[in-house]
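I opened the model to look up a few things. These are my entries, in the order I made them.

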Amino acid sequence: MSSSNADLDRSSEPRGTDDAILDAAAELVIQLGVRRTQLAEIARRAGVSRPTVYRRWPDVRAVIGALLTREIAATQEAVRLAGVDRAAFVDGVVEVAVRLRDHPVLGALLRSADSDTLFEYVVERLGTSQRGLLEALRAGIAQGQEHGSIRAGDPVELAAMVLLIAQSTVQSHRMVAQLLSEDAWRRELARALDGYLAP
């Protein structure tokens, strides 16, 4: 099947507008925090009208939720496993955890009084981004089980526990920053995951 140029332009426009809105929201969250981010300012920075934003998301919190989903998915997709064994899987999980921990938007939420927004979208409910992470973890665990380097068990259950371990480590890293150097943080997270998954 083929599409006319007009069809292609129409199909690409919503995605471009969505990304412009989410990019504007990201800038404001980093600069001002969630509580001071206003929908009118998101629209202004994105170069669109407020009704254009409202047609996509009902309020600022929904925009932030979509932004978090986009950024978490992009971070996860950017990390490729170097193999199918347990060591490669653990290395991949640690790398994703580090990138999420150091991500400008997620980091701004973790460092601010607005962390309740991050908790709502990442901790308190199983949303789109978490389901994507869980599926990637499940697939990696299943490969490791076939390889024989990851212990037997329901890959979905193991994936859920790996997500909890990595997520709690990311969220609490500031609390133990004076006790764990960067190298130690990575090493101990890897050790925890490796020990949990070893046959």
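Predicted model: local features only at pLDDT ≥ 70, side-chain atom pairs only at ≥ 80, totals over all residues.

**Rings and charges**

I looked for aromatic pairs first, and the count is zero. My rule pairs rings of Phe, Tyr and Trp (its six-membered ring) if their centres lie within 6.5 Å; planes under 30 degrees apart would be stacked, over 60 edge-to-face, and the rest tilted. Residues are numbered from 1 along each chain as its sequence is written, and side-chain values use heavy atoms, with hydrogens and water left out.

Next I checked charges over rings (NZ of Lys or CZ of Arg within 6 Å of the ring centre and within 35 degrees of the ring normal). Arg101 lies over the face of Trp185, 4.5 Å from the ring centre. Arg151 has its charged end over the ring of Tyr196, at 4.7 Å from the centre.

**Fold**

I listed elements as DSSP runs numbered from the N terminus (helices: H or I, at least four residues; strands: E, at least two). The protein has 10 helices and zero strands. Burial came next: buried is under 20% relative accessible area, exposed is over 50%, and partly exposed is in between (1.4 Å probe, protein chains only). Of the 199 residues, 41% count as buried.

**Largest pocket**

I defined a pocket on a 1 Å grid over the protein atoms alone: an open set of points where a 1.4 Å probe fits, with protein on both sides within 12 Å along at least five of seven lines. Lining residues have an atom within 4 Å of a point. The largest pocket holds about 490 Å³ of space. It is lined by 28 residues, and the closest to its centre are Gln76, Val93, Val96, Leu133 and Leu137.

Which helix gives the largest share of the lining? It is α8, with seven residues. Helices that each supply at least two lining residues include α4 (60-78), α5 (86-101) and α9 (155-171). By class, the lining has 20 nonpolar, seven polar and one charged residues. Here Ala, Val, Leu, Ile, Met, Phe, Trp, Tyr, Cys and Pro are nonpolar, Asp, Glu, Lys and Arg are charged, and the others, Gly among them, are polar.

I compared spans with the expected value, 1.5 Å times one less than the number of residues. α5 has 16 residues and reaches 22 Å from first C-alpha to last, close to the expected 22 Å. It is mostly covered, with 12 of its 16 residues buried. Val93, Val96 and Arg101 are among the buried ones.

α8 has 20 residues and reaches 29 Å, close to the expected 28 Å. Its buried residues include Leu133, Leu137 and Gly140. Just after α8, Gly148 takes a positive phi of about 95°.

Glu77 is in α4. I logged it as partly exposed, because its relative accessible area is 48%. Its C-alpha is 9.5 Å from that of Gly132, 55 residues apart in sequence.

Ala139 sits in α8. It counts as partly exposed because its relative accessibility is 29%. Val156 is 17 residues apart from Ala139 in sequence and 8.9 Å apart in space, C-alpha to C-alpha.

Conventions: Points joined across faces, edges and corners; volume = space filled by probe spheres on them.
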